Amino acid sequence: MKSIPFLDLNLQFKSIEKEVMDKTYEVFNNSAFIGGNECKLFEEEFAQYCDTKYSVGVANGTDALWLSLKALGIGQGDEVITAANTFIATVEAISAVGATPVFVDHNPTTYTIDVTKIESKITENTKAIIPVHLYGYPAEMDKIIDLAKKYNLKVVEDAAQAHGAIYKGRRIGSIGDIACFSFYPGKNLGAYGDGGAITTNSYELSEKVRLLSQHGSKNKYKHIVPGYNSRLDGLQAAILRIKLKYIEEWTEMRRRNARYYNKLLSDSNYIIPIEEDDTRHVYHLYVVRVNDRNSFIKFLNEKGIQTGIHYPTPVHLTEAYSYLNIAQGTFPISEKTSSEIVSLPMFPELTNEQIEYIVESINEYQYLTSR
Ligand SMILES: *Cc1c(COP(=O)(O)O)cnc(C)c1O
């Protein structure tokens with residue numbers, strides 16, 4: 001029987017093994033573990049990649065999010081609007097600064113925040129909106145920016161799944177006031193450990209995040225504000241610089257795989273991802289929707305195909321956020337979608353043969369269950 005993993009990081013490592021191991025030796029040999037040239041160069045190159053003036057490396061994507069909120073002065077008594085169908089880290093960032101998360105349902109065809117439902121959630125305490133470019137697909141930024149201007153709100157993009165995505169000709173990461181990226185190993189641009197960064201065109205904001213992430217100091221032992229410790233380390237920065245050279249190629253491989261899935265699945269009953277004009281989906285995840293998810297996943301599993309669910313519980317229904325007292329049924333789209341979504345294997349090196357086998361297995365399942 002075949003065995004198709006959900007994600008294969010080793011294949012990518014093998015393709016850059018020598019470069020990575022040489023660079024690792026160099027970093028170790030220079031003892032450039034924290035800070036240093038690789039960090040500085042990565043920030044410059046990543047800002048350039050995202051078409052922004054500034055980038056600041058931090059320890060992970062979650063820190064990028066909450067440090068951004070903190071740098072914007074958001075805290076106790078403030079409300080921050082985001083989608084209910086995100087990874088919990090988006091919401092943890094809001095509660096970490098003492099603010100209150102306010103949820104909005106999502107657009108069922110794009111999986112990003114439903115921009116028609118944001119305005120009714122804005123109160124005098126609302127300070128920011130965090131659109132999440134979920135699965136690698138850009139949120140409707142035009143409408144979000146319009147609302148932000150109208151109500152004087154900040155826009156913090158959660159771009160943890162969307163390195164290289166494009167919205168109406170503009171790079172994700174360059175549209176809101178500040179954007180947050182994760183370099184968790186499984187992300188489209190993944191480190192060999194934890195890592196994260198912010199991008200922004202505001203010098204002031206970038207310097208605030210930098211200050212907060214380095215114990216509130218610009219110069220050693222001169223502490224200006226009470227800060228934190230959240231740094232991208234030298235080894236991860238060096239590895240990310242190598243990977244940044246290939247990210248466009250890997251993204252195109254993901255997109256080719258998605259197109260092949262789309263083509264082969266176009267006759268099935270399953271709802272497949274969409275991509276609108278002027279938009280570049282980077283397919284961090286390839287998500288389909290099925291009514292009978294448990295048996296679907298079990299069948300694929302028996303065929304040796306691994307799948308994922310992103311995410312099984314909308315954040316308002318998690319135990320962690322039960323204190324917000326949001327009743328079941330409040331966000332019907334997120335609640336229904338979360339019971340139907342399945343992420344199929346997706347990574348650049350996935351082969352046509354593997355995709356064909358996955359779709360054949362899906363068709364077999366459909367045939368068996370339709371009789
Ligand atoms: C991965 C992820 C994060 C958090 O990133 P970490 O680096 O794991 O802290 C935040 N938001 C979304 C949507 C993510 O997928």
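**View 1. Ile129 and its partner on the next strand.** In strand β5, Val155 is the bridge partner of Ile129. Strands β4 (residues 126-130) and β5 run parallel and are joined by two bridges; strands count as paired if DSSP finds at least two bridges between them. Strands here are DSSP runs (E, at least two residues) and helices are too (H or I, at least four), numbered from the N terminus. To get from β4 to β5, the chain goes through helix α5 (residues 141-151), and this β-α-β crossover is right-handed: with the strands pointing away from you, the path from the first strand over the helix to the second runs clockwise.

This is a predicted model, so local features need pLDDT of at least 70 and side-chain atom pairs count only at pLDDT 80 or more, while totals for chains, interfaces and linings use all residues. Residues are numbered from 1 along each chain as its sequence is written, and side-chain values use heavy atoms, with hydrogens and water left out.

**View 2. Strand β5 and its other neighbour, β8.** Four of the five residues of β5 (residues 154-158) are buried, so the strand is largely enclosed by the rest of the structure. Buried means under 20% relative accessible area (1.4 Å probe, protein chains only). Three bridges link β5 to β8 (residues 178-182), and these two run parallel. Look for Glu157, which stands opposite Ala179 in β8.

**View 3. Ser174 in its loop.** Ser174 sits in the loop between β7 (170-171) and β8, and it's buried, at 12% relative accessible area. A polar atom of the Ser174 side chain lies 2.7 Å from the backbone oxygen of Arg171. Leaving aside neighbours within four places in sequence, Ser174 is in contact (heavy atoms within 4.5 Å) with Cys50, Asp51, Thr52, Glu157 and Asn201.

Definitions and conventions
Buried < 20%, exposed > 50% of the residue type's maximum accessible area, 1.4 Å probe, protein only. Polar contact = N/O pair within 3.5 Å; in protein donor to acceptor, adjacent residues only side chain to side chain.
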